[in-house]
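Please view the sequence and structure first.

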Amino acid sequence: MSRVLRRVTPVIPIGAKSLAVTYISVVVLIPLAALVTNAFRGGLGQFWHNVTTLESIDALKLTLLSAFLGAAVNTVMGLATAWVLVRDRFKGQGLLNTLIDLPFALPTVVAGVTFYTLYGPLSPLHVNITGTWIGITVAIMFVTLPFTVRSVQPVLESLTFSAEAAAATLGASPFRVFRTVTMPALLPAVLTGTGLAFARALGEYGSVVFISNNLPYRSEISSSYIYSLASSNQNVAAASVAIALLILALGALVTFNLVGQVLGRRSR
Amino acid sequence: MKKSTLVLRIVVLTYVAALIALPLGFVFDRALAHGLSAFIRALRDPAMDDAMLLTLKVVLIAVPLNVLFGVGVSLWIVRHPSRFTKILDVLIDVPLAISPIIVGLILELAYAQSGWFGAAFARWGWHVMFSLPAIVLASVFVSLPLVSRQVIPLLREVGTHQEQTAQSLGAGPVRVFFTITMRSITWATAYGVSLTMARVIGEYGAVLIVSGNIALLTQTLTLNIGANFENFNNYQGFVGASLLSLASLVLLTFLSIARYRERKRHDYLV
């Protein structure tokens, strides 16, 4: 088979291959290597010290809390939205489907300044949530909604009604059908969406930085902390905190995927 | 209709309206708060116009680079798989998991004058940081996987039967590529291009660090909006924000057209 393929697809010239490898090295690999060497420049002890300063810990706590809350709310609302998009029929559904992608297309800074004005000190709605975990969570809810919706939607579309119908004819209540038949089939996709949302939320900056006010120890998220370290030339400390944040984000992605796969397999 | 369906519909519509539609409407409301003539006057702000031009430049350089790379690397990964392409496949997705601020930081660590290559580059009179190349580099980084993620699954799905048929009928490799391969991935590529454009236009954190954020020199439109808010020039900021919102609405339309056409192509084949 592969010999046939090789004949059909034009062989990619070695020059193009090395160009692609150079490209990804210059853009991704060399900078990542620079991050690792900088973070551990002062040894493991220094790295750990940089990650566990009071300001860093407070920032990490707030980042984790708001990312968790935002991802949790959108896990539920993402599932509900996907359900309404797939199983319901009404006028304006296409508009809803398009609007869900807006957070992907709208620059984060636009969302940031808009939330700051809508829910800030000069709020036309007279709600001021700047500098609080609530404000940060609202920004994160905005940014992460499409991740949870778009993870569940295709799986829900491909689900056939037959198993649900069988359960219903055997006398199961709608809620029981959802809990025992529909939900187990959706769970891996739901958790993948949660993982994507959570990982994205951990690193979010533009939409959060205005509403958070960036007060150290109080309303500063890790991205802001890294930025303030980098702009005061504390590159080693910035690199250390960045590594910690990266490990958390990658860890969350892997964990949610694995849990989803295991639960999905068990339900089958 | 069942009551629970209606309740769910209302809950979802309220949530999306409050979280997404309200802020979007609010941007345009604020931008037009002082009337159309004030808005048109604000459009002639020199710092903003300069920022817009820079953003346009970055899009014109970064997007073609990533599209070329994305399509090429997808073909390589799908059609000539090896142990090496497996690593490549994972590597391309890495930028999605990295915070924009970290992207900015690591580009600075590698390419600033105090960084790994900065000193050597500076000796050749080449300053990467705080200039157009740095902004392009940051934009390319954050949008790297957006094309290949669309194209790879599609290339896997369509397989090579049509290409083999075309070849057996006497078409050369270049003709096969343009008449068969490219035609099957056109809309997936278009989808990826729209996502890439949106990401490049909207990038803030990474560009904030690597550009130096100097008005009239290295300020992109997103940075200009942020700077206007920090200087309590909120109205000018909302005028810029309304332009970017308009751009994202256009891109959203492209996205839904591309999705629709791709689905039609798919249904036609199946």
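Domain bounds here come from an automatic or database domain assignment. For chain A that assignment gives domain 1 (12-41) and domain 2 (50-267). The model is predicted, so local features need pLDDT of at least 70 and side-chain atom pairs count only at pLDDT 80 or more, while totals for chains, interfaces and linings use all residues. Residues are numbered from 1 along each chain as its sequence is written, and chains are lettered from A and ligands numbered from 1 in the order in which they are written.

**Domains**

- In chain A, the C-alpha centres of domain 1 and domain 2 are 30 Å apart.
- Four residues from domain 1 of chain A and six residues from domain 2 of chain A make up the contact; two residues are in contact if their C-beta atoms, placed from the backbone, lie within 7 Å.
- On the side of domain 1 of chain A that touches domain 2 of chain A, two residues are nonpolar, one is polar and one is charged. Ala, Val, Leu, Ile, Met, Phe, Trp, Tyr, Cys and Pro count as nonpolar, Asp, Glu, Lys and Arg as charged, and the others, Gly among them, as polar.
- Chain B is assigned domain 1 (1-31) and domain 2 (45-269), and the centres of these domains of chain B, taken over C-alpha atoms, are separated by 31 Å.
- In chain B, five residues of domain 1 contact five residues of domain 2. The domain 1 side of that contact in chain B has four nonpolar, no polar and one charged residues.

**Contact between the chains**

- Between the chains, 71 residues of chain B are in contact with 66 residues of chain A.
- Helix 1 (residues 3-31) of chain B supplies the largest share of the chain B side, 15 residues. Helices (H or I, at least four residues) are DSSP runs, numbered from the N terminus.
- By class, the side of chain B that touches chain A has 49 nonpolar, 17 polar and five charged residues.

**Helix packing**

- Helix 1 of chain B and helix 13 (residues 234-269) of chain B have axes that come within 8 Å and cross at roughly 135 degrees. Axes are lines fitted to C-alpha atoms, for helices over the stretch in contact, and angles run from 0 to 180 degrees between N-to-C directions.
- That angle makes helix 1 of chain B oblique to helix 13 of chain B. Angles under 35 degrees count as roughly parallel, over 145 as roughly antiparallel, 65 to 115 as roughly perpendicular and the rest as oblique.
- The crossing of helix 1 of chain B with helix 13 of chain B is left-handed; this term applies if the near helix is turned anticlockwise from the far one by less than a right angle, and right-handed if clockwise.
- Among the residues meeting there are Leu24(B) and Phe28(B) from helix 1 of chain B, and Phe238(B) and Ser242(B) from helix 13 of chain B. The residues of this contact divide into seven nonpolar, two polar and one charged.
- In chain A, helix 4 (residues 54-87) and helix 8 (residues 133-158) pack at about 40 degrees, with axes 6 Å apart. Helix 4 of chain A is therefore oblique to helix 8 of chain A.
- Helix 4 of chain A and helix 8 of chain A make a right-handed crossing, and the residues of their contact divide into 20 nonpolar, ten polar and one charged.

**Phe69(B)**

- Phe69(B) is in helix 3 (residues 46-79) of chain B.
- Phe69(B) is buried because 20 other C-beta atoms lie within 10 Å. A residue is buried if 20 or more other C-beta atoms lie within 10 Å of its own, exposed if 12 or fewer, and partly exposed in between.
- Not counting residues up to four places away in sequence, Phe69(B) touches Ala20(A) and Tyr23(A).
- Phe69(B) and Pro145(B) are 76 residues apart in sequence and 9.5 Å apart in space, C-alpha to C-alpha.

How values were computed:
Helices (H or I, at least four residues) and strands (E, at least two) are DSSP runs, numbered from the N terminus.
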